[in-house]
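Thanks, everyone; I would like to take a few minutes on one model and go through a strand, its partner and a pocket. Please keep the structure open while I talk.

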Amino acid sequence: MKQHHIAFRESLHAIGVQNIGPTFQNYRHITDSYIAKEIYETDQQKPFSREVYTQFEQELTSRISQIEFSEVPGAIRLIHLLQQSQVVSFCFATGSYRRPALHKLQSAGFEINGDLLVGADELPEREQIVKKAIQTAGEHYNISKFDRTVAIGDGLWDLLTAKNLGLEFIGVGKEHA
């Protein structure tokens, strides 16, 4: 998380943003796309255009791709167990942009099908991202309706998103314990 926040701040500075608040936790939606847009538009007093979006995403991807990430302890084991199951389908949903998220997962040791990752590229709200991930998993596994949907996450925002969507939740990591 810390490395991502540093790269995020550096990327905002690279697109001309001068003033960035001390925390990202106070935003209505905790996603790269929402926070970048809000900070940019507040600081620059102009729209976060497609061109600016692309420049920011490239800056962030470039910085993130130079960092090696490690897994939240136990996460890879959990994913392997899910992959081996004949009754569990899954998809990754992240508040990060797709390309940085893919790098973070792969550098941490996850073997991931990029088709099963939904990021904040076009969806600024976590609830939208999770709904799209559920839809994506259904399409990928050819399932029209899941009997049960469980969200897994390492942040308080993940728990709140699951609660808002009426999903069961499994928390991993110790940051918000």
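Helices (H or I, at least four residues) and strands (E, at least two) are DSSP runs, numbered from the N terminus. This is a predicted model, in which local features need pLDDT of at least 70 and side-chain atom pairs count only at pLDDT 80 or more, while totals for chains, interfaces and linings use all residues. Residues are numbered from 1 along each chain as its sequence is written, and side-chain values use heavy atoms, with hydrogens and water left out.

Within β4, Glu168 is the bridge partner of Val150.

Now to helix α7, residues 156-165, and a question: which element gives the most to the lining of the second largest pocket? It is α7, with five residues, and α6 (126-141) also supplies at least two. The residues lining this pocket include Arg126, Glu127, Leu156, Trp157 and Asn164; a pocket here is an open set of points on a 1 Å grid over the protein atoms alone, where a 1.4 Å probe fits, with protein on both sides within 12 Å along at least five of seven lines, and lining residues have an atom within 4 Å of a point.

Terms used:
Pairing = 2+ DSSP bridges.
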